[in-house]
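Q: Please take a close look at one part of this model, its strand pairing, and then go on to the side-chain pairs and the helix packing. Give the cut-off for each term as it comes up.

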Amino acid sequence: MASIQKRCRRRVCRRGLTDGARSCPECSGRSFGYIARWRDPDGIQRSQSFQRRTDAERFLHDTESSKTRGNYIDPAAGRVLLRDFYETWLVRAKAGGLAPSTASKYERTWRLDVEPALGATALARITRDDVRAMVATVAQRSPWQAAEALKLARVMLNSALDADRIGRNPAARIEAPRTERSSIRVLRPQEIAAIVEALPPRWRAFVLLGAYSSLRWSELVAVKRDDLDLSGRTVGVDEKLVEVDGRFEWGAPKTARSNRVVDLPDVVVAPLLEHLLRFPPLVDAEDPNLEGLVFSGERGGPVRRHVFRPIWQRACEKAGVEGVRPEWLRHTGASLAYAATKDMKAVASRLGHTSTRMMDTVYVEVYPEVSRQVADAIDALVRASLDSG
């Protein structure tokens, strides 16, 4: 049977009192608290302290209601601080296959944004207002980072919900700040050719393969000699190489569909063959995983993004092309493939995507002549219909 008992709050006393008592008969203290007592679904006696009787009553009402509904949560389970829960959550997430790059992103977001705002708060005491305040604070610096902080908080609190530590996720259904997708600048074949001509020989096949195969950066830097079938004009994708906090980690491609074989146009094959002859794949590397790596830095080892970027930028400037990131070679390849085929499913498969959603939201928009080609096709259809009528 649930009950509430009034008691003296002085530490030297703590005597139980009747509801009508205005002072403690033992110590004459006039500061009171309230103890709510109840039995959990297993019949175990539980208790919790409150400063006000109304809070204790509300708590017992909610507790009895949750027992009736079958979603009772032990209040003690929610007393764990978010920072302590995060430590165990991250270990389990990594053991469950969390990608190293994603884990690194989570750790950075936690350290910079989530922990300062919510880390010292018990799980059960985190409110929707707390989460909104965190998002608003981070959004002043970066709306994109605020969205990432909200995403991390939501994922962790969902895990706490699944673990029966809290009864609801206070981060659920909170709207993330609006972020503008950066405008993608794709290259035309003549621009690609000009940039390649301006690059040092070591990087020419690297850029051509990136532009015309639409591999992800992590897939491109992981290409090994055995992945290339130059007579069959294909490159196989079965690994990725991710740089995390200055170290490289090998892993499986991003999704099951990302494990694929990509057909290559002729424009890539001859430069790849020349590259292999001039810059042989790595052998006798300190790391056995690097054996056969096709593209490597001038000092050996995998291609580092921050090392390649200035090389790319200098070549772009020399070619008279500005505002293009090397990561956008993938977008360029996708856009070229769509402009040539008008087949979203085929291009999505080439990209290793599970659906055509990214084609809808990114790639189709970047070549304006695609829209003109559609209009021309409609004209042709109309003319043919009128002529036959």
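A: Strand E5 is joined to strand E6 (residues 234–237) by two bridges, and the two strands run antiparallel. Strands here are DSSP runs of E with at least two residues, helices are runs of H or I with at least four, and both are numbered from the N terminus. Two strands count as paired if DSSP finds at least two bridges between them. Across this pairing, Leu 228 is placed opposite Val 235 in E6. E5 and E6 belong to an open sheet of three strands, in the order E5-E6-E9, with antiparallel pairing. Its edges are strand E5 (228–229) and strand E9 (260–263), each of which pairs on one side only.

The model is predicted, so local features need pLDDT of at least 70 and side-chain atom pairs count only at pLDDT 80 or more, while totals for chains, interfaces and linings use all residues. Residues are numbered from 1 along each chain as its sequence is written, and side-chain values use heavy atoms, with hydrogens and water left out.

Next, the charged pairs. Side chains of opposite charge can pair when their charged atoms come close. A salt bridge is a side-chain nitrogen of Lys or Arg within 4 Å of a carboxyl oxygen of Asp or Glu, and the whole structure has 20 of them. One of these joins Arg 304 to Glu 243, at 2.5 Å from N to O. This pair links distant parts of the chain, 61 residues apart: Arg 304 is in the loop between helix H9 (266–278) and helix H10 (305–319), and Glu 243 is in strand E7 (residues 240–244). Residues are called buried under 20% relative accessible area, exposed over 50% and partly exposed in between (1.4 Å probe, protein chains only). Arg 304 is partly exposed at 29%, and Glu 243 is partly exposed at 29%.

Arg 305 pairs with Glu 327, their closest N and O atoms being 3.0 Å apart. Arg 305 is partly exposed at 32%, as is Glu 327 at 23%.

In the salt bridge between Arg 185 and Glu 191, the closest N and O atoms are 3.1 Å apart. Here Arg 185 is partly exposed at 28%, whereas Glu 191 is buried at 18%. Arg 52, Asp 55 and Arg 58 are linked in a salt-bridge network.

The loop between H9 and H10 also holds Ser 296. Ser 296 is buried, with 11% relative accessibility. Leaving aside residues up to four places away in sequence, Ser 296 touches Arg 202, Trp 203, Leu 282, Gly 301 and Val 303, where contact means heavy atoms within 4.5 Å.

Last, the helix packing. Helix H5 (residues 143–162) has 20 residues and reaches 29 Å from first to last C-alpha, close to the 28 Å expected at 1.5 Å a residue; the expected span is 1.5 Å times one less than the number of residues. Buried residues of H5 include Leu 150, Leu 152, Met 156 and Leu 157. The cover over the buried residues of H5 includes helix H2 (82–95), helix H3 (100–118) and helix H4 (128–139). After H5 comes Asp 164, with a positive phi near 60°.
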